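This report covers helix packing, strand pairing and a few backbone features. Please view the sequence and the model alongside the text.

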Amino acid sequence: MPGSRSEAAGAALVILATALAAALQAPAGAVDFAHEVVPILRRACTKCHSGAQRQGGYSIDSREALLAGGDSGLPAVVPGDPGAGELLRRVTAADPAERMPSEGEALPEEAVAVLRRWVLERAPWEEGFAFGAPVYEAALALRTVELPPAVGGRTHPVDRIVDARRATAGLAPLPRCDDAAFIRRASLDLVGLLPDPDAVAAFVADADPGKRARLVRTLLDDDLARAEHWMTFWNDLLRNDYTGTGFITGGRRQITPWLHRALVDNIPYDRFVRELVSPTDASRGFIDGIVWRGEVNASQTVPIQFAQNVGQTFLGINLKCASCHDSFVDRWKLQQTYDLAAVMAPEPLELFRCDKATGATATPGWPFPELGTIDPTRPPAERLARLAELLVDPGNGWLSRTLVNRLWARLLGRGIVHPVDALRAPPWSAELLDWLAADFVASGHDMKRLLETIATSEAYGAATPPSAAAPGADAGLVGPVPRRMTAEQFTDALWHLTGTHPAKADADVVRVRPDPAAPPPEPARAVWIWNNESAASPPGERLAFRTRLELAAAPRRAVAVVTADNEATLWVNGTKVGHTADWGRPLVEPVAAFGPGANEIVVVAANADAGGPAALKAEIRLLAADGAPLAVASDAAWEWTATPPDDRGGWPAGTAVEWRPAAVVENQSVWASSDAAFAAGLAGSGAAQPPLRAVLVKCTPLMSALGRPNRDQVVTSRPVDLTTLEAIQLANEQTLFDAFTRGGERWLASHGPDPDRLAAALYAAALARPPTADEARAARGILGPEPTAAAVADLLWAIVMLPEFQLVR
Amino acid sequence: MRSIHEAAARRDFLKSLGAAATATLALPEPRLRAEGVVHPKATADAIIVLWMAGGMAAPDTFDPKKHKPFEKGLAVADCISTFPSIPTAIDGVRICQGLEGIAGVLDRGALVRSHVQPDLGSILHSRHQYHWHTGYVPPQTVACPHIGAWMARVLGPNNPSLPAFVNIGQRLEGIGENEEIKAFTTAGFFGSEFGPMNLPFPEEAAAAVRPPEGMAPGRFADRYKHYKALLAAAPGREHASDHHQESMLRSLDNAHRLLSAKERAAFDIALEPPEVREAYDTGRFGRGCLLARRLVEHGARYVEVTTEYVPFLHWDTHERGHETVARMHAEIDRPIAALVRDLEARRLLDRTLVIIASEFSRDMITEGRPGSKAADQASSPKDFLQEPAHYGQHRHFTGGSTVVLFGGGIKKGFVHGRTADERPCLAVEDPVTITDLHATLFTAMGISPATAFDIEGRPFYATEDGKGRAVEALFGA
């Protein structure tokens with residue numbers, strides 16, 4: 001190796017010396033254009049040299065203009081040479097006639113040093129950045145939109161605006177999508193579920209020209225389905241979840257029961273916002289944010305989170321930049337963020353700039369004082385009430401514009417302003433945005449009606465054009481863009497197609513509502529049973545009881561009501577359904593584990609360690625596939641054993657188990673005080689109990705892979721693309737595979753074994769259309785002449801993996 | 001009233017003013033800011049982070065101080081390390097007894113004995129781990145990407161068949177603080193394409209890239225073949241140029257390629273000869289090191305292996321610390337030494353950066369008091385020990401910890417920084433913050449610490465505010 005150690009050391013010294021020299025010239029390292037240079041130039045120069053102001057013929061709006069200089073003809077900045085250029089010369093000039101800025105104080109030395117370093121580093125600029133007036137800002141109040149005339153009988157106000165817009169661009173109105181595509185699209189968009197094949201067939205066959213509007217109305221009138229679909233959207237926007245960061249430190253509160261109820265009832269949006277911003281205990285989780293133990297950055301205190309979340313969620317304003325310093329990208333100031341934060345803060349709020357105290361104090365207020373102010377002397381609760389009042393004031397166009405834009409983006413794939421959080425960007429149609437917003441306000445802030453208005457337009461019902469989804473496409477002109485199913489939509493569809501709905505919600509919501517129009521429920525058939533008529537039982541005795549149920553097909557629904565003195569656990573086909581340990585409060589739980597063939601129902605019941613009589617009472621009400629009501633109830637036909645089952649409620653093959661007939665307990669009146677609760681459980685089971693929705697369970701690893709976020713921040717859009725890691729999960733994740741296996745068995749049992757009939761049924765259920773001849777042939781390739789359950793599972797998997805399935809289009 | 005032409009002219013003028021900014025706004029985020037960022041020349045192609053989850057005490061591992069064995073009445077003031085020190089392959093540098101394997105390969109690496117973390121008021125493991133893994137203190141206004149996601153996003157995998165970012169050994173369900181751990185075990189705003197492939201059990205990693213249980217390999221291959229046939233038969237192939245459809249099919253193909261490729265073998269540690277498995281197998285962490293080696297050999301970019309964070313377990317010693325740390329020594333020493341030797345033998349060490357790190361260090365006996373600053377965390381040494389259970393590092397300490405680095409262009413046989421020899425053992429020479437340590441890792445991997453992406457209209461940097469400075473003294477292997 002050439003070169004000795006001392007040579008190397010010498011070279012190192014030279015490098016060190018060079019580095020030192022460089023360090024002396026640029027003591028603080030590379031200059032940060034956005035955070036260091038822009039504020040100086042904005043403060044000192046833009047008043048006279050930006051936007052419409054070009055005094056002395058000089059504008060700093062773009063890098064090019066800033067370097068070029070003004071009327072003098074001299075370059076203002078020579079990149080890399082701080083000694084040359086008018087800008088540095090003029091800001092440091094001693095002569096007041098020459099010095100810039102021409103009014104006010106000279107630039108402080110530190111500011112000059114930053115500019116000098118910036119010039120020395122060849123004046124780096126941000127791609128796309130321009131000084132100058134805000135890019136776009138609409139008036140606070142909604143404009144009155146004069147609708148263009150309807151063309152070709154397309155009278156829907158949305159279409160009058162969109163058609164006129166297309167006409168200006170020389171484009172004809174978009175053609176309609178076909179009816180089958182429409183019902184699938186509308187079902188997934190409005191209630192988040194695949195349409196039932198019978199409903200698709202009926203809809204396609206329907207000759208009524210008003211059928212699309214009728215369908216939209218019918219879908220939206222399904223309050224529970226609508227609410228539980230849109231709950232995903234609101235959980236994201238309101239940062240609500242059933243588990244997640246902050247729960248272990250007690251730093252987070254759910255608003256789940258409140259939100260579910262509000263959506264089911266479709267409460268007006270102004271009331272919705274008011275109850276969130278000026279909350280009751282049930283809804284205060286939103287303004288409380290997430291509290292981490294320990295010190296947090298000044299821009300993440302609870303009041304600042306409040307300001308950010310109120311700004312983003314309800315006003316489409318991004319106050320995150322303006323939580324540390326005046327925003328560089330729009331007009332929001334640090335002071336405005338803190339003033340909004342101070343509305344909820346119990347103590348006076350000191351302003352921190354970039355995490356350093358400024359000594360200044362915030363005055364409770366909100367960003368649009370022209371509409372009304374908040375009395376800072378009132379206590380926080382009153383200030384919040386006043387803020388809520390101002391937010392929902394019809395004069396505040398941003399509240400309705402923000403929501404209208406978000407819903408439009410959900411239904412058509414792109415916002416009228418896009419991205420949906422960039423409400424400072426110009427909308428592609430200010431008329432459409434404001435017409436929809438004004439109509440929404442005039443309707444009494446009716447969210448359901450707003451969805452109906454959008455979904456009944458021809459703009460929504462148009463065919464998705466090929467290659468529509470290229471990023472950056474002009475949404476105004478391309479029509480509805482295909483959207484990927486959310487993790488929740490995908491999971492719901494999967495559960496539906498495979499019959500693998502879990503039984504239990506994690507969300508604390510009331511889904512079963514007794515239907516007042518329904519006939520009175522039948523009285524309970526179940527009786528208290530044990531292994532002897534007198535219910536005698538040693539302390540801690542544990543017995544297993546079983547019965548069997550033959551079914552031709554999986555039932556439409558099943559609900560179990562179980563109670564025992566003192567505790568019981570119910571298993572159906574090896575799946576644990578639930579547990580109860582209080583005989584006065586029976587377990588009431590939907591059961592998803594029933595399938596065609598023999599079903600085994602096992603209840604493990606135990607006496608208290610303290611002893612006393614023991615007994616069990618259980619009844620399962622089912623609605624069979626053919627619509628017939630069925631019931632299984634504990635009686636003398638049940639059997640018992642003292643051999644405990646394994647942890648799946650069964651007995652391994654080869655275990656010798658002695659089964660004996662159960663005994664009906666003589667004195668049934670011992671537990672009479674529980675009869676009412678038992679009957680109420682059965683009454684609930686008679687009400688329509690739709691299958692569980694993915695939004696109501698905690699995020700699973702699969703849903704997380706499919707883009708369900710952890711809701712540490714407000715989330716306003718879901719990932720657009722399927723990623724490789726997700727695709728791996730779709731190919732081999734075990735729970736998914738098990739679900740497909742189950743689905744294969746079910747479809748084979750209900751539709752088999754004719755391969756063509758199976759394929760047609762699967763296509764109808766998953767894609768709302770029959771397979772083409774080519775597809776039928778390909779499907780037969782998978783199924784073979786005599787399909788096995790595994791082959792059906794594989795065809796179902798292949799259909800679910802089609803982009804056509806995973807996209808809403 | 002102005003004429004319509006005037007209004008139009010003014011609108012055009014305003015439009016031209018805003019055009020540049022608007023054009024940028026319309027682009028999808030996150031968006032790499034290319035201008036003005038010069039990436040350093042990479043000295044490493046891959047990185048393995050050996051994560052000592054729960055707070056590895058420097059005085060009981062890589063930064064030994066005065067030591068006294070336990071005796072009833074032992075004055076805490078007289079003892080800082082609960083292990084005696086041993087010599088290492090670097091002249092004059094000692095580490096704690098129990099780490100003989102690592103001591104033997106230490107001449108291939110460097111010690112940073114002055115890594116410091118902010119106090120954050122209340123020292124909470126998952127929060128400090130979030131900070132260490134993303135470079136940002138939670139909570140943040142945007143979802144921060146893990147540093148592995150940065151590597152995946154900026155560099156991608158070395159081999160396109162493999163995931164770029166693999167996370168070994170950490171369960172994300174069924175343990176304490178799991179939601180907090182999930183909060184940083186993510187690609188954040190980069191999107192899940194760049195997120196970790198999580199393999200909590202190294203011995204089950206092969207299953208993560210195998211057909212599901214219950215599905216024969218032949219059926220798995222057939223299913224995809226049939227799927228392609230079904231896809232080819234589908235109408236609407238005119239939508240082939242559709243962006244969504246294209247990316248969806250590409251991902252499914254990628255996945256299928258991995259699940260069928262020979263690289264799948266990278267996930268299967270059972271393919272190693274028994275004596276190699278034996279050399280690594282001190283438990284899950286050891287097996288994870290072996291898996292990490294195989295993954296890097298096959299082209300993964302960022303692999304993290306953790307001893308696993310579970311509150312009050314492993315390095316999270318709140319009592320019987322000495323006993324527990326002796327067990328942790330035994331768990332990490334052999335596999336780490338084997339990993340370094342194996343990478344070296346395969347000529348991979350020069351281009352693979354291996355780093356041992358933890359969210360903070362510990363000090364003796366007493367639990368930290370909430371609100372106490374780093375300097376006070378060890379300022380109460382008046383205690384006397386009566387029970388062996390109290391002999392150990394039971395107190396969180398953010399004022400000085402040790403990071404060990406091997407390979408990837410890092411200077412060999414080098415010690416950077418120093419902590420005080422008396423309590424509080426603060427970093428007294430060349431303190432290295434998380435920001436600068438990250439800058440060092442990014443620099444080694446050829447990523448400028450000032451690399452930024454636009455998200456929500458503002459820049460978000462690889463190191464906080466783009467200000468991270470690599471510790472230049474560490475380079476020069």
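Helices (H or I, at least four residues) and strands (E, at least two) are DSSP runs, numbered from the N terminus. The model is predicted: local features need pLDDT of at least 70, side-chain atom pairs count only at pLDDT 80 or more, and totals for chains, interfaces and linings use all residues. Residues are numbered from 1 along each chain as its sequence is written, while chains are lettered from A and ligands numbered from 1 in the order in which they are written.

**Domains of chain A**

Chain A is split into domain 1 (33-120), domain 2 (242-391), domain 3 (529-686) and domain 4 (724-808). These bounds come from an automatic or database domain assignment. Between domain 1 and domain 4 of chain A, the C-alpha centres are 67 Å apart.

**Helix pairs in chain A**

Axes are lines fitted to C-alpha atoms, for helices over the stretch in contact, and angles run from 0 to 180 degrees between N-to-C directions.

| Helix pair | Angle | Axis distance |
|---|---|---|
| α17 (397-412) and α19 (447-455), chain A | about 50° | 10 Å apart |
| α14 (302-315) and α15 (334-342), chain A | about 105° | 8 Å apart |
| α25 (734-751) and α28 (789-801), chain A | roughly 115° | within 7 Å |

Angles under 35 degrees count as roughly parallel, over 145 as roughly antiparallel, 65 to 115 as roughly perpendicular and the rest as oblique. Helices α17(A) and α19(A) are therefore oblique to each other. Their crossing is right-handed. That term applies if the near helix is turned clockwise from the far one by less than a right angle; anticlockwise gives a left-handed crossing.

Which residues of α17(A) meet α19(A)? They are Val404(A), Leu407(A), Trp408(A) and Leu411(A). Facing them in α19(A) are Leu450(A), Leu451(A), Ile454(A) and Ala455(A). Contact here requires C-beta atoms, placed from the backbone, that lie within 7 Å. The contact of α17(A) with α19(A) has eight nonpolar, no polar and no charged residues. Ala, Val, Leu, Ile, Met, Phe, Trp, Tyr, Cys and Pro count as nonpolar, Asp, Glu, Lys and Arg as charged, and the others, Gly among them, as polar.

Helices α14(A) and α15(A) are roughly perpendicular. From α14(A), the contact takes Pro303(A), Ile304(A), Phe306(A), Ala307(A), Val310(A) and Gly311(A). Helix α15(A) supplies Thr337(A), Leu340(A), Ala341(A) and Ala342(A). Eight of the residues in this contact of α14(A) with α15(A) are nonpolar, two are polar and none is charged.

Helices α25(A) and α28(A) are also roughly perpendicular to each other. They cross in the right-handed sense. The residues of α25(A) in this contact include Phe740(A), Glu745(A), Trp747(A) and Leu748(A). Those of α28(A) include Val792(A), Leu796(A) and Trp797(A). By class, the contact of α25(A) with α28(A) holds nine nonpolar, three polar and one charged residues.

**Sheets**

In chain A, six strands form an open sheet in the order β8-β7-β10-β5-β13-β14, with antiparallel pairing. Strands pair if DSSP finds at least two bridges between them. The edges are β8 (575-580) and β14 (660-661) of chain A; each has a single partner strand, so one side of each lacks a neighbour in the sheet. Within this sheet, β5 (542-551) and β10 (597-606) of chain A run antiparallel and share ten bridges. Leu549(A) has Asn599(A) in β10(A) as its bridge partner.

Chain B has an open antiparallel sheet of three strands, ordered β1-β18-β19. Its edge strands, β1 (31-33) and β19 (458-461) of chain B, each pair on one side only. Neighbouring strands in this sheet are turned by 40° against each other on average, direction ignored. Four bridges link β18 (452-455) of chain B to β19(B) in the antiparallel sense. Opposite Ala452(B) stands Tyr461(B) in β19(B).

**Backbone features in loops**

Met100(A) and Pro101(A) are joined by a cis peptide bond, with omega near -5°. Pro101(A) sits in the loop between α4 (86-91) and α5 (109-120) of chain A. The peptide bond from Arg423(B) to Pro424(B) is cis, with omega about -10°. Pro424(B) belongs to the loop between β16 (418-419) and β17 (427-429) of chain B.

Asp355(A) has a positive phi near 70°, in a residue other than glycine. Asp355(A) is placed in the loop between β1 (350-353) and β2 (356-361) of chain A.

Notes. Two residues are in contact if their C-beta atoms, placed from the backbone, lie within 7 Å.
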